[in-house]
Amino acid sequence: MKKVFLIHGFRSSPNGGWRPWLLGELAAADVYACALSMPSPEAPEVDAWVAEIARYAERDAQDELYLVGHSLGVPAILRFLERAPEHMRIAGAVLVSGPIEPLGENASIHAFLQPPFNFDAIRSKIGTACVIHGDDDALVPVRHAEMLAQHLSAELVIVPHGGHLNGSGGWKELPQVKDALLAMTGERP
């Protein structure tokens, strides 16, 4: 069975932004999807977030798994893949507006981004990836997306005037994520 797990970002929730819309779109395409509630989103801890993703991935390891992350959800997915056992394989990931290098002085966020990612380990556990980013994201510069796409040999989708592609920026729908997922899963809406 194909399953999609959505991982929200810092100070966010499973019901924020475009996630509810995406869940509905995937349900209409007969793809199981669940938005995870990450622990302590106001003061996130990388080990707790990785453990939460691992709990679902290990439980459903016999399924064809896809991960979608937004903002801090992206480095959480990358840390999960980096630390996952060698036999763990994720079919695909859609990574939206995520940082891959330290930003600012927030120690909680910094812990997700240091030490540098082991992209060899990450690539060995993922089938395909798509990186989506706003061309004018004031929180995470677009160069992060460009570097991430290069490291993962992933498709890069730049959204004009997208900002951080979050709910407070007006993004209640994000068709680029749906299109990327449906292309990965081979499903049609």
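**Entry 1: Leu-65**

I began with Leu-65, which counts as buried because its relative accessibility is 2%, and buried means under 20%. I note at once that the model I am reading is a predicted one. Leu-65 is found in strand E3. I then listed its contacts, setting aside the neighbours within four places in sequence: Leu-65 is in contact with Lys-3, Phe-5, Ala-57, Asp-60, Ile-90, Ala-91 and Gly-92. I also took one distance from this residue. Leu-65 and Asn-15 are 50 residues apart in sequence, and their C-alpha atoms are 21 Å apart in space.

**Entry 2: helix H1**

Which residues of helix H1 are buried? I found Arg-19, Trp-21, Leu-22 and Leu-26 in this helix, which spans residues 19-28. They lie on the same side of H1, because they cover an arc of only 155° around the axis. I recalled the general rule here: an α-helix has 3.6 residues a turn, so residues three or four places apart point the same way.

I next asked what the buried residues of H1 pack against. The partners are strand E1 (2-7), strand E2 (32-36), strand E3 (64-70) and helix H7 (175-185). Strand E3 is the strand in which I had found Leu-65. On the face of H1 turned away from its buried side, I recorded the exposed residues Ala-27 and Ala-28.

**Entry 3: the loops on either side of H1**

I looked at backbone angles next. Most residues other than glycine have a negative phi, and most peptide bonds are trans. Arg-11 is not a glycine, yet its phi is positive, at about 55°. Arg-11 lies in the loop between E1 and H1. Is Arg-11 buried or exposed? It counts as exposed, because its relative accessibility is 55% and the class begins over 50%.

Gly-16 is found in the loop between E1 and H1 as well. Gly-16 is buried, with a relative accessible area of 16%. From Gly-16 to Pro-116 I noted 100 residues in sequence and 29 Å in space, C-alpha to C-alpha.

Just after H1 comes Asp-30, with a positive phi of about 65°. Asp-30 is not a glycine either. Its place is in the loop between H1 and E2, and it is exposed, with a relative accessible area of 69%.

**Entry 4: helix H3**

How many of the 11 residues of helix H3 are buried? The helix covers residues 73-83, and I recorded 10 of its 11 residues as buried, so I describe H3 as mostly covered. Among the buried residues are Gly-73, Val-74, Pro-75, Arg-79 and Glu-82.

**Entry 5: helix H6**

Helix H6 runs over residues 142-152, and its buried residues are His-144, Ala-145, Leu-148, Ala-149 and Leu-152. These residues cover an arc of only 130° around the axis, which puts them on the same side of H6. I then looked up what covers them: H3, strand E4 (90-96), H5, E5 and strand E6 (155-159) are included. After H6 comes Ser-153, whose phi is positive, near 50°.

**Entry 6: His-133**

I turned to strand E5 (residues 126-134), in which His-133 lies. His-133 counts as buried, because its relative accessibility is 0%. What does the side chain of His-133 reach at 2.7 Å? I found the backbone oxygen of Val-140 at that distance. Not counting residues up to four places away in sequence, His-133 touches Ser-97, Gly-98, Val-140, Pro-141, Val-142, Ala-145, Val-157, Ile-158, Val-159 and Leu-165. Ala-145 is one of the buried residues of H6.

**Entry 7: a cis peptide bond**

I looked up the peptide bond from Gln-114 to Pro-115 and found it cis, with omega near 0°. Where is Pro-115 placed? It is in the loop between helix H4 (107-113) and helix H5 (119-123).

**Entry 8: the largest pocket**

Last, I examined empty space. Rolling a probe the size of a water molecule over the atoms shows where such space is left. The largest pocket holds about 380 Å³. Its lining has 22 residues, and those nearest its centre are Phe-10, Ser-71, Leu-139, His-164 and Asn-166. Sorted by class, the lining has seven nonpolar, 12 polar and three charged residues.

Notes: Residues are numbered from 1 along each chain as its sequence is written. This is a predicted model: local features need pLDDT of at least 70, side-chain atom pairs count only at pLDDT 80 or more; totals for chains, interfaces and linings use all residues. Side-chain values use heavy atoms; hydrogens and water are left out. On a 1 Å grid over the protein atoms alone, a cavity is a set of points where a 1.4 Å probe fits but cannot get out, and a pocket is an open set with protein on both sides within 12 Å along at least five of seven lines; lining residues have an atom within 4 Å of a point. Grid points are joined across faces, edges and corners, and a volume is the space filled by probe spheres set on the points. Ala, Val, Leu, Ile, Met, Phe, Trp, Tyr, Cys and Pro count as nonpolar, Asp, Glu, Lys and Arg as charged, and the others, Gly among them, as polar. Buried means under 20% relative accessible area, exposed over 50%, partly exposed in between (1.4 Å probe, protein chains only). Helices (H or I, at least four residues) and strands (E, at least two) are DSSP runs, numbered from the N terminus. The arc is that of the directions from the helix axis to the C-beta atoms. Contact means heavy atoms within 4.5 Å. A polar contact is a pair of N or O atoms within 3.5 Å; within protein, one must be able to donate a hydrogen and the other to accept it, and residues adjacent in sequence count only if both atoms are side-chain atoms.
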